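This report covers salt bridges and nonpolar packing in a predicted model. The sequence and structure are shown below.

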Amino acid sequence: MKKSFYKFISHLIIPLFLIYWIGNTSLGLSFISSRNRLGEAFPTFNKLFGRSWNLFVKSIDFNDRMYLVLRDKTTKQQTDSLELLEELAIEKQQHAPFNQSEFIIDRLVNHYVNFIEHQRVKYLTLITKYNRNIEVTELKKRLDSFEKNDPSFQAGQQTLFNYCKIALARKNIDTTNKEFKIVILEKKIQRFEDRKNPPATDNGLLYLETLDPKDSDTKMSDVIFFESSYKSFTQ
Amino acid sequence: MIRSSIIACEDWFAKENRKSAYLAFLRVAMSLWLLKELLIDWSNFEVLYSNHSFIVREDNTLMALLPGALSFVRDHYMTFIYLYIVVIILNILGVGRWITATVLFVMLDTLQKLNTSIVNGGDNMARLVLLYLIFASSYDYFVLYKTKIKNPERKRMLNMMSNAAAYSLMLQLCLSYLCSGLGKLTNELWKNGTALYYTMSMDRFTGTPWNKHLAANALFVKIGTYYTLVFEIAFSFLVWINKFRKPFIIAGLLLHLFIYVFMMLYGFEEVFILLLGLFLTNDEALRIARRCKRIIFRTSKNQAVNYAANS
């Protein structure tokens with residue numbers, strides 16, 4: 001009885017191995033095309049084994065930036081602004097290779113920043129697909145409606161707000177009678193051809209920047225991906 | 001024709017456990033890797049796994065099937081972590097064999113589901129390695145006790161399963177390189193040889209102050225970009241040819257060490273480096289192990305002699 005069981009299993013291994021690898025290879029390679037139809041057709045297999053092994057495929061020519069802007073509730077004057085992602089990168093670099101704490105916070109915050117950017121692009125594509133000449137105010141209204149009805153987007157946004165509060169507390173910045181907003185943008189990396197002309201402040205290490213208009217290095221012409229409305233600290 | 005090929009393939013698979021030495025090493029090394037990851041994450045467990053983190057959870061995977069399951073684990077995350085450590089230690093010692101390996105896989109999967117935002121390519125690969133290791137006979141070495149299989153049919157079946165698991169791990173590595181390589185071919189920056197400049201200029205991956213100087217060197221950028229591209233595409237095909245096997249293992253090692261140092265992707269690269277060793281034959285793996293043992297033995301013997309002479 002046992003003998004025939006082992007024999008039966010032995011006969012199954014090679015065909016199962018071949019079927020699994022034909023499926024896995026087809027699924028893996030299908031991620032390369034922009035339309036991963038195979039993955040959509042087999043969602044369970046996709047979830048269990050399918051991974052988009054696109055390691056550094058999208059070579060990115062920008063750095064993400066997340067600015068935290070504070071203003072006075074009564075005068076509506078901007079009081080502080082600070083950039084949070086670059087600071088995380090600097091801390092990660094300074095503590096390498098023993099930088100696991102910095103690595104974790106950097107990865108978590110960037111995950112939600114990328115998620116918000118990704119959702120923004122998705123909604124923009126959806127809205128402008130059938131209505132290319134849409135007015136800016138109408139576009140903003142529709143974007144807001146999409147974002148408010150997406151629990152994942154709301155969770156991502158709230159996570160970033162929570163992180164901003166932690167960052168402010170760590171820096172001992174007074175938040176009485178103040179409200180805040182976040183601005184996410186993409187800061188272009190200098191083109192390869194222009195690499196020999198670094199900015200004046202460049203000393204080989206990363207350097208901090210703010211959304212201060214006096215800071216010549218911060219160009220608001222860099223692509224703004226997301227700008228939240230002002231939030232109260234009590235919210 | 002197909003039937004005879006399958007029978008020939010079956011016989012080749014069933015003859016012996018072709019990667020027994022390295023599979024045993026991989027089981028222990030992966031378990032130690034999991035322990036290391038836990039230890040370095042220890043001070044951040046509350047952020048990562050508790051319900052009191054700044055992260056707003058939006059579970060949409062397991063929650064649909066088992067409402068409250070992940071939240072329950074989060075409420076008792078330290079108990080879960082302690083149990084996880086016990087299972088890792090049992091897996092290192094080879095106690096419980098495939099049952100322990102299965103429990104370990106389920107626990108790692110749960111831990112990754114507790115916080116999907118932290119999971120990267122290395123973690124995904126580690127998860128797959130544990131999945132394949134359930135089917136592998138990795139208990140010929142580094143175990144608390146050995147068991148002798150008397151039934152030849154059972155031995156044949158276990159050899160086949162083990163070899164299928166080992167070759168699946170190797171194919172998985174090839175697939176990840178091939179997909180990454182082919183994907184890069186669709187990107188203009190990789191095609192024109194400047195991708196390394198942009199990758200090394202990203203703040204998040206600036207591992208050393210030398211990154212910017214290296215990225216400014218056009219020759220370095222071009223060679224590095226095309227080296228990565230050629231390696232990732234050619235590896236899957238040429239590593240199976242004996243003549244190219246060792247050069248490709250060394251080339252892979254160099255690539256991962258470079259990323260390790262200059263881009264600060266530590267855990268990720270360690271998993272990929274460990275997998276490269278599967279392309280060694282059993283004899284080669286055993287020879288390396290014997291050499292390491294001799295070096296360690298000689299060093300400790302010398303230390304003992306020195307200590308005795310000094311005292």
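Arg71(A) has a relative accessible area of 19%, so Arg71(A) counts as buried, the cut-off being under 20%. A salt bridge joins Arg71(A) to Glu179(A), with 2.7 Å between the closest N and O atoms. Arg71(A) belongs to strand β1 (residues 62-72) of chain A and Glu179(A) to strand β3 (residues 178-188) of chain A, so the bridge ties together parts 108 residues apart in sequence. Glu179(A) is also buried, at a relative accessible area of 10%.

Lys76(A) sits in the loop between β1 and β2 (78-83) of chain A, 103 residues from Glu179(A). Lys76(A) is partly exposed, with a relative accessible area of 46%.

In chain B, Glu10(B) and Arg156(B) meet in a salt bridge. This pair links helix α1 (residues 2-15) with helix α8 of chain B across 146 residues. Glu10(B) is buried at 5% relative accessible area, while Arg156(B) is partly exposed at 24%.

| Salt bridge | N to O distance |
|---|---|
| Arg71(A) and Glu179(A) | 2.7 Å |
| Glu10(B) and Arg156(B) | 3.7 Å |

The whole structure contains 24 salt bridges over all chains. A network of salt bridges links Arg65(A), Glu86(A) and Asp203(B).

Turning to nonpolar packing, the largest nonpolar core has 138 residues, and Met66(A), Leu26(B) and Phe235(B) have the most contacts inside it. Helix α8 (residues 152-184) of chain B gives the largest share of this core, 14 residues. Beyond its neighbours within four places in sequence, Phe235(B) is in contact with residues including Leu173(B), Tyr177(B), Phe248(B) and Phe279(B).

Note on methods
Residues numbered from 1 in each chain as written. Chains lettered and ligands numbered in written order. Predicted model: local features only at pLDDT ≥ 70, side-chain atom pairs only at ≥ 80, totals over all residues. Heavy atoms only, no water. Core = buried A, V, L, I, M, F, W, Y, C linked by side-chain atoms within 4.5 Å. Buried < 20%, exposed > 50% of the residue type's maximum accessible area, 1.4 Å probe, protein only. Helix = DSSP H or I, 4+ residues; strand = E, 2+ residues; numbered from the N terminus. Contact = heavy atoms within 4.5 Å. Salt bridge = Lys/Arg side-chain N within 4 Å of Asp/Glu carboxyl O.
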